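Please read the points below beside the coordinates, and check each one against the chain that it names.

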2 protein chains.
Amino acid sequence: MKIVTLAGGVGGAKLVDGLAKILSPEELSVIVNTGDDFEYLSLRISPDLDTVCYTLAGLANPDTGWGRAQETWQTFEEIGRIGGPDWFRLGDLDLATHLVRTTRLQAGETLSEITVDLCQDWGVVHPVFPMSDDPVRTIVHTETGEALGFQEYFVHQACQPVVRSFEFRGIEEAKPITKAVDALAACDLVLFSPSNPWVSIDPILAVPGLRELISAKPVVVVSPLVGGKALKGPAAKMYQELGLTPNAFEVARHYQDLITGFVFDLCDQEELEKIERCRIIPLVTDIVMKNKQDRVRLAEEILKFCGQILNRSR
Amino acid sequence: MKIVTLAGGVGGAKLVDGLAKILSPEELSVIVNTGDDFEYLSLRISPDLDTVCYTLAGLANPDTGWGRAQETWQTFEEIGRIGGPDWFRLGDLDLATHLVRTTRLQAGETLSEITVDLCQDWGVVHPVFPMSDDPVRTIVHTETGEALGFQEYFVHQACQPVVRSFEFRGIEEAKPITKAVDALAACDLVLFSPSNPWVSIDPILAVPGLRELISAKPVVVVSPLVGGKALKGPAAKMYQELGLTPNAFEVARHYQDLITGFVFDLCDQEELEKIERCRIIPLVTDIVMKNKQDRVRLAEEILKFCGQILNRSR
């Protein structure tokens with residue numbers, strides 16, 4: 001069984017990590033959101049890409065889910081002392097990634113080429129693709145009429161502004177990575193990891209060509225909401241601000257033209273009937289990943305579920 | 001007595017530090033070579049400017065003379081592990097300077113504006129001016145016909161290539177800093193600190209307008225050569241490769257249309273007669289600065305000498 005997973009940040013990375021413990025590099029590849037990428041301190045930062053790669057490499061900070069384990073903050077603290085921007089925390093080890101990536105991008109290499117090399121250096125064996133080598137910037141339009149870059153909204157303003165809509169600036173000109181297109185064409189099933197639908201999965205789906213390729217495959221979605229709340233990040237708050245109920249059913253409905261199977265939490269069992277009525281195949285289980293064992297356990301359950309879906313469709 | 005000092009890297013910085021212990025910010029300002037500046041790891045690095053500022057701030061590494069004291073190397077070592085360039089060592093504290101400077105330059109601020117702010121943060125009270133806000137790049141032309149950027153020659157190739165000539169690329173378009181011009185116009189005397197004539201002092205003199213301003217003042221030169229050797233760097237090797245004898249007399253002769261007084265080492269006493277024959281006023285003393293006391297002692301002697309020169313010319 002060949003699977004392509006779409007992933008955003010922390011939640012997506014955890015599930016991908018569980019899957020990678022079971023599937024070979026031929027069986028699993030990952031397409032990562034780059035709409036969160038931004039320029040900061042003269043560096044190009046790719047937060048979701050780094051979270052996925054650091055997690056797969058076993059280098060991620062276990063407490064935060066993002067950034068590096070055993071990190072130090074010498075440069076960052078000194079930047080604060082000399083009046084530099086300090087709203088987005090960059091550790092010393094993490095900085096090495098951004099410096100090398102920015103240097104190589106400025107020399108004309110592509111994000112996907114650089115990611116291949118970094119993954120090799122980090123010991124990541126599964127293919128990890130940015131959704132595009134072309135710059136796409138997720139813009140959050142707020143109720144005050146402001147247009148905020150995603151990290152400005154997410155980190156600097158701590159998701160306080162009320163959201164009205166999202167824009168993926170540059171998406172029309174963004175080309176998908178050829179190898180990601182090949183992986184999608186060759187896969188048996190596409191898995192949407194438990195990432196924010198609006199700002200992690202939607203940007204990937206909006207890259208010209210990707211939605212069409214994905215719609216030709218069975219799609220299994222893992223809910224990022226549990227009991228009406230996001231385990232991390234502003235997904236539930238966004239649903240509310242957009243006039244929607246933050247629950248599993250709304251997540252499934254978000255992907256209604258694509259979704260084949262839906263994995264959601266036991267505590268949302270009451271939504272089962274509504275979901276089945278939409279002809280979505282359900283898997284109700286404990287989807288909260290508190291530790292590394294949970295990641296593998298959930299990945300195993302999801303893969304079994306995916307196998308059942310593929311058998312049905314044959 | 002108002003003095004403007006021209007300075008390159010380590011040797012110049014030491015003397016400036018000694019002078020700064022005696023003279024007030026109204027009495028001493030420094031114009032620093034920026035021909036050594038370069039782009040590295042996507043950052044704009046200004047090695048001489050940082051050496052002078054770190055030294056004045058008491059932040060310089062006492063062992064190397066450049067870089068920061070109590071430095072750590074987390075980012076730099078990680079960069080090596082992921083295949084980034086590692087021939088120019090950047091410590092974690094030092095990186096903060098380069099990141100903030102590069103960010104502000106990219107935002108359209110000038111090097112001199114940024115330097116003012118950094119000096120304030122570091123507690124440097126004497127005015128420190130880059131020779132220009134416009135990019136000038138010292139190029140070393142070698143006997144093999146190669147044209148090497150200065151740091152490529154100096155650090156990466158460890159001064160091994162044989163030098164044929166120097167070029168200050170961009171110098172025709174480089175404008176001096178207005179406040180540096182004002183300081184030069186208002187000063188009583190210009191002091192060339194013990195820096196490399198070819199690649200530290202000459203670039204400053206080549207900035208359009210500066211040589212003319214300097215030539216209107218008494219100029220005191222401190223020899224960077226002692227006993228035919230440079231205390232640091234390739235000055236002596238350059239003299240030889242350019243077909244000149246590396247000695248104090250040749251340093252004085254290098255500045256022959258500008259020089260009023262010349263400070264050189266006791267061990268070069270034998271050159272006194274030749275130097276006096278050129279109508280240069282000599283100060284023969286111990287010019288080697290091994291510790292902070294030496295810096296102040298030499299600065300005091302030089303200031304006394306400068307005072308005598310000014311009295312003579314009245």
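1. In this predicted model, helix α2 of chain A, which spans residues 47-57, is mostly covered, with 10 of its 11 residues buried. The buried set comprises A:Pro47, A:Asp48, A:Leu49, A:Asp50, A:Thr51, A:Val52, A:Cys53, A:Tyr54, A:Thr55 and A:Leu56, and a reader may wish to note that A:Asp48 and A:Asp50 are included in that list. After α2(A) comes A:Gly58, a residue whose phi is positive, near 75°.

2. In chain B, the strand to look at is β6 (residues 137-142), which pairs with strand β8 (residues 163-169) in the antiparallel sense over 6 bridges. Within this pairing, B:Arg137 is found opposite B:Arg169 of β8(B).

3. β6(B) also pairs with strand β7 (residues 147-149) of chain B, again in the antiparallel sense, here over 3 bridges, and B:Ile139 stands opposite B:Gly149 of β7(B). β6(B) and β7(B) together make a hairpin that has 4 residues between the two strands, and in its turn B:Gly145 has a positive phi of about 90°.

4. Turning to the domains, chain A is divided into domain 1, made up of 3-136 + 171-313, and domain 2, which covers 137-166. The C-alpha centres of these two domains of chain A lie 20 Å apart.

5. How many residues of domain 1 of chain A are in contact with domain 2 of chain A? There are 15 on the side of domain 1, and they meet 11 residues of domain 2. The elements giving two or more residues to this side of domain 1 are α8 (197-206) and α10 (235-241) of chain A. By residue class, the side of domain 1 that touches domain 2 divides into 11 nonpolar, 1 polar and 3 charged residues.

6. The contact between the chains takes 23 residues from chain A and 23 residues from chain B. On the side of chain B that touches chain A, the elements that contribute two or more residues are α3 (74-81), α4 (92-106) and α5 (111-122) of chain B, and the largest share of that side, 9 residues, is supplied by α4(B).

Note on methods: Residues numbered from 1 in each chain as written. Chains lettered and ligands numbered in written order. Predicted model: local features only at pLDDT ≥ 70, side-chain atom pairs only at ≥ 80, totals over all residues. Contact = placed C-beta atoms within 7 Å. Buried ≥ 20, exposed ≤ 12 C-beta atoms within 10 Å, placed from the backbone. Pairing = 2+ DSSP bridges. Domains from an automatic or database assignment. Nonpolar A, V, L, I, M, F, W, Y, C, P; charged D, E, K, R; others polar.
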